[in-house]
Amino acid sequence: MAMDSSRSQHFPSIPIPGSALRHAYPAWPGEQTALGSPYADVPLASPFGHTPGGQTSFEYWYLGVQIPDPNLPKAGLGLEKVPGFHPKEVWEALENLVESFTVTKDEVDEEYEAADPVKVCHLLLGLTVFQRDALNDYAKSSGVDSLYHWIHKYCSPYGGAGASREAVETIRGLAEGPLAYDVYVLHATLEGKIKGDELTLVELICDREEEDLQLLMSEYQKQHDISLVNAIRKKYSGRKLENLLLSVLILQRQHDDLPVDEIRVDNDVIALRNAIEEQDDKTLTELLTKRSKPHIAAIITKYAAAHGSLRKHIKQRWNAKGLLYIIDGAKSKRDGEGAWRDAKLLEETMKGLGTQDDKLRYRVIRAHWNTKRFSAVKQAYQERYEKDLDKRIDGDTSGNYREILQLIYQAGK
């Protein structure tokens with residue numbers, strides 16, 4: 001059965017880690033997998049999570065950090081969701097940050113209540129991801145829509161003229177946690193509610209762990225009552241971006257811990273060269289979305305020896321940000337993990353006239369969850385641009401927004 005992006009594809013929601021989907025080499029067009037098809041019927045949900053070592057456990061990991069089980073019901077008042085943590089005390093500390101202010105408009109005094117967003121951010125950064133999740137449950141059980149809604153209500157008007165939108169939306173990422181925040185950015189980009197673009201979707205979906213994508217798809221459907229696959233089809237039907245993203249969401253990328261087959265690498269180099277000469281976008285997409293990082297790194301090296309830069313050849317023929325993103329994440333001459341790529345993307349949000357605040361915000365927030373990786377991105381930035389990332393951010397932002405980004409930057413050490 002040939003692998004294509006037709007409407008007949010089946011996209012699994014949460015396959016069981018370690019199942020037959022863990023192919024050494026996913027089906028190439030015209031080939032068959034061990035299942036007899038490149039697609040698999042899998043359960044909608046699984047109690048299993050993923051740990052950095054790859055072992056199966058009753059844990060969930062996302063963006064390199066352990067997260068609460070997204071399938072658990074919200075904890076009611078008085079229930080201890082995190083052992084030893086009492087969200088009521090933190091909630092009271094949050095409410096104690098609310099102050100009364102008076103502003104005079106047209107000779108009329110008006111009173112309002114507001115909380116300093118920097119102090120709110122500092123409080124949240126003192127909590128773990130699990131504790132913030134428990135605090136969110138407490139907020140909902142107390143009659144508040146969510147922790148973010150409280151933040152928006154009390155932090156937005158701070159300072160009379162109001163805290164910057166960027167400051168409030170940055171704290172949103174901390175309040176929602178890694179998975180829910182990715183779902184928010186993904187949906188807001190698809191709906192055109194934030195200044196994202198196609199590269200935003202590529203960052204959220206491409207070059208990701210299979211288990212991350214399983215969780216992302218499941219949570220997206222749960223929150224928005226539409227599958228992520230159908231949401232992408234609705235927005236980008238018939239476009240190259242649709243083919244790229246759906247090719248990734250089939251979840252058949254070779255795992256990075258499997259050995260590289262040099263014969264297969266040689267064959268892929270030939271296939272890539274032919275695809276580039278023939279401008280065969282489908283073959284390029286299928287190959288680069290189905291191979292592991294070590295395999296792609298080997299392709300890059302062998303392609304360069306035989307034909308020159310793979311990256312340059314693709315860039316010359318296509319506006320292929322997604323394919324370049326995947327290639328840049330696998331380059332072995334850098335770090336092979338995309339830290340140099342991500343450092344460059346952070347710089348691009350601040351380069352030239354005007355800061356792309358939506359992109360800067362979500363890139364800093366997403367990077368900071370995994371402190372080890374964030375350190376690698378900071379180091380790559382310093383080596384590439386010969387300056388520190390925090391000083392670059394400091395010089396390109398202002399007010400409470402700058403203070404909050406700096407708090408997050410320091411927390412990511």
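Visitor: Let's start with charges that pair up. How many salt bridges does the structure hold?
Guide: Keep in mind that this is a predicted model. A pair gets counted when a side-chain nitrogen of Lys or Arg sits within 4 Å of a carboxyl oxygen of Asp or Glu. Going by that cut-off, the number of salt bridges in the structure is 31.

Visitor: Show me one. Which residue does Lys81 meet in a salt bridge?
Guide: The N to O distance in this pair is 2.7 Å, and the cut-off is 4 Å. Lys81 sits in the loop between strand 4 (65–67) and helix 1 (87–95), while its partner is in helix 3 (residues 129–141), 52 residues apart. That partner is Asp133.

Visitor: Is Lys81 buried, partly exposed or exposed?
Guide: Its relative accessible area is 26%. Buried means under 20% and exposed means over 50%. Lys81 falls in between, so the word for it is partly exposed.

Visitor: What about Glu347 and Arg392: how many residues apart in sequence are the parts they tie together?
Guide: Their closest N and O atoms are 3.1 Å apart, and the two form a salt bridge. Glu347 lies in helix 15 (residues 339–350) and Arg392 in helix 18 (residues 389–396). Both of these residues are buried, by the way. The pair ties together parts whose separation in sequence is 45 residues.

Visitor: Now the surface. Which residues form the negative patch?
Guide: Asp and Glu count as negative, and a patch residue needs over 30% relative accessible area and no salt bridge. The patch is made up of Asp106, Glu107, Asp109, Glu110, Glu111 and Glu113.

Visitor: Is Arg366 buried or exposed?
Guide: You'll find Arg366 in helix 16 (residues 357–368). Leaving aside neighbours within four places in sequence, Arg366 is in contact with Leu63, Tyr181, Asp182, Glu203, Leu204 and Arg208. Its relative accessibility is 13%, and the cut-off is under 20%, so Arg366 counts as buried.

Visitor: Leu251 and Gln279 both have a positive phi without being glycine. Which of them is exposed?
Guide: Leu251, with phi of about 65°, is in the loop between helix 9 (240–249) and helix 10 (262–277). At 3% relative accessibility, Leu251 counts as buried. Gln279, with phi near 55°, is found in the loop between helix 10 and helix 11 (281–290). With a relative accessible area of 54%, the exposed one is Gln279.

Visitor: Zooming out, what share of the chain's residues count as buried?
Guide: The chain has 19 helices and 6 strands. Among contacts between residues at least 6 apart in sequence, 71% join residues at least 24 apart. The chain exposes about 18,900 Å², with carbon and sulfur atoms supplying 48% of that. Of its 413 residues, the buried share is 53%.

Key
Residues numbered from 1 in each chain as written. Predicted model: local features only at pLDDT ≥ 70, side-chain atom pairs only at ≥ 80, totals over all residues. Heavy atoms only, no water. Patch = residues over 30% accessible without salt bridge, like charges linked within 9 Å, V, L, I, M, F, W, Y side chains within 5 Å. Areas by Shrake-Rupley, 256 points an atom, 1.4 Å probe, with all protein chains shown as cover. Charge placed at Lys NZ, Arg CZ, Asp CG, Glu CD. Helix = DSSP H or I, 4+ residues; strand = E, 2+ residues; numbered from the N terminus. Buried < 20%, exposed > 50% of the residue type's maximum accessible area, 1.4 Å probe, protein only. Contact = heavy atoms within 4.5 Å.
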